[in-house]
Amino acid sequence: MSPTTPTVFIVDDDASVRESLDALVQYAGWRCETFETAREFLLTPSASGPSCLLLDVGLPDLNGLELQERIGSDRSDMPIIFITGNCDIPVTVKAMKAGAIEFLVKPLSKEALLVAMRNAIARSAAQRDLNAAEAALRARYASLTSREREVMKLVTAGMLNKQVGGELGITEITVKAHRGRVMQKMQARSLADLVKMTWGLNLAPAERQGCHEQEE
């Protein structure tokens with residue numbers, strides 16, 4: 001399998017369940033890694049491609065909900081599908097509120113499992129793409145000089161080049177030069193595009209509104 005082949009992690013203390021799920025995952029054409037305990041799973045690195053986690057609620061060390069809380073944002077691109085022998089409504093609600101995408105009760109339906117895993121892997125792939133795009137955006141922003149960041153902040157707040165120059169104590173021509181480099185480094189097609197990037201970067205809210213496209 002290639003490094004980008006989806007991986008399904010299985011954490012269940014029942015060996016027969018692990019074996020059955022392993023066979024189903026491999027039948028679907030995905031990579032499978034199984035674990036008896038949550039602590040064993042925590043020692044394994046994240047997958048290099050899309051992934052999901054089939055997680056039993058009742059585990060001998062850390063239970064499923066505790067593991068879900070433990071990994072939290074560390075594996076935001078790995079959706080969790082809970083599996084359990086009992087339909088416990090409060091536990092189900094807690095798991096879903098914490099981000100689980102499915103809660104399946106044993107005996108497990110192969111069809112329901114396959115659908116749940118396909119949906120989870122698709123969601124994982126989408127989240128990984130989003131994470132990669134955000135990382136690329138932050139890398140481009142990191143390439144800006146401190147002056148270019150100041151110019152970017154002011155122009156995306158709606159200030160004209162002349163106003164930016166007055167604010168920073170530099171000439172309008174210098175502002176235009178900085179602005180051009182900002183657009184180039186950030187790979188922005190327009191001022192509106194640059195404004196959207198500031199939202200994606202979670203920069204400080206703009207103090208003034210409006211986009212003056214005529215100054216691009």
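A residue is buried when its relative accessible area is under 20%, exposed when it is over 50%, and partly exposed in between. The model described here is predicted. By the cut-off for burial, Phe9 counts as buried, because its relative accessibility is 1%.

The overall layout comes next. The chain has 9 helices and 5 strands. From the N terminus on, the elements run β-α-β-α-β-α-β-α-β-α-α-α-α-α. The chain holds 216 residues, and 43% of them count as buried.

Aromatic contacts were then examined. Rings pair if their centres lie within 6.5 Å. By this rule there are 4 aromatic pairs. One of them joins Phe9 and Phe35. The two ring centres are 6.4 Å apart and the planes stand at 35°, so this pair is tilted. Phe35 is buried, with a relative accessible area of 10%. Phe35 also forms an aromatic pair with Phe41. Here the centres are 5.6 Å apart and the angle between the planes is 80°. The cut-off for edge-to-face is over 60 degrees, so the pair of Phe35 and Phe41 is edge-to-face. Phe41 has 0% relative accessibility and therefore counts as buried. Phe9, Phe35 and Phe41 form one aromatic cluster.

The surface carries a patch of negative charge. Asp13, Asp14, Glu19, Glu36 and Glu40 gather there. Glu36 sits in the loop between β2 (31–35) and α2 (38–42). Its relative accessible area is 38%, so Glu36 is partly exposed.

Ser143 is placed in the loop between α5 (110–142) and α6 (146–156). With a relative accessible area of 38%, Ser143 is partly exposed. Ser143 and Met186 are 43 residues apart along the chain. Their C-alpha atoms are separated by 8.6 Å.

Conventions. Residues numbered from 1 in each chain as written. Predicted model: local features only at pLDDT ≥ 70, side-chain atom pairs only at ≥ 80, totals over all residues. Heavy atoms only, no water. Patch = residues over 30% accessible without salt bridge, like charges linked within 9 Å, V, L, I, M, F, W, Y side chains within 5 Å. Areas by Shrake-Rupley, 256 points an atom, 1.4 Å probe, with all protein chains shown as cover. Salt bridge = Lys/Arg side-chain N within 4 Å of Asp/Glu carboxyl O. Lys, Arg positive; Asp, Glu negative; His and termini not counted. Charge placed at Lys NZ, Arg CZ, Asp CG, Glu CD. Helix = DSSP H or I, 4+ residues; strand = E, 2+ residues; numbered from the N terminus. Buried < 20%, exposed > 50% of the residue type's maximum accessible area, 1.4 Å probe, protein only. Phe/Tyr/Trp six-rings, centres within 6.5 Å; stacked < 30°, edge-to-face > 60°.
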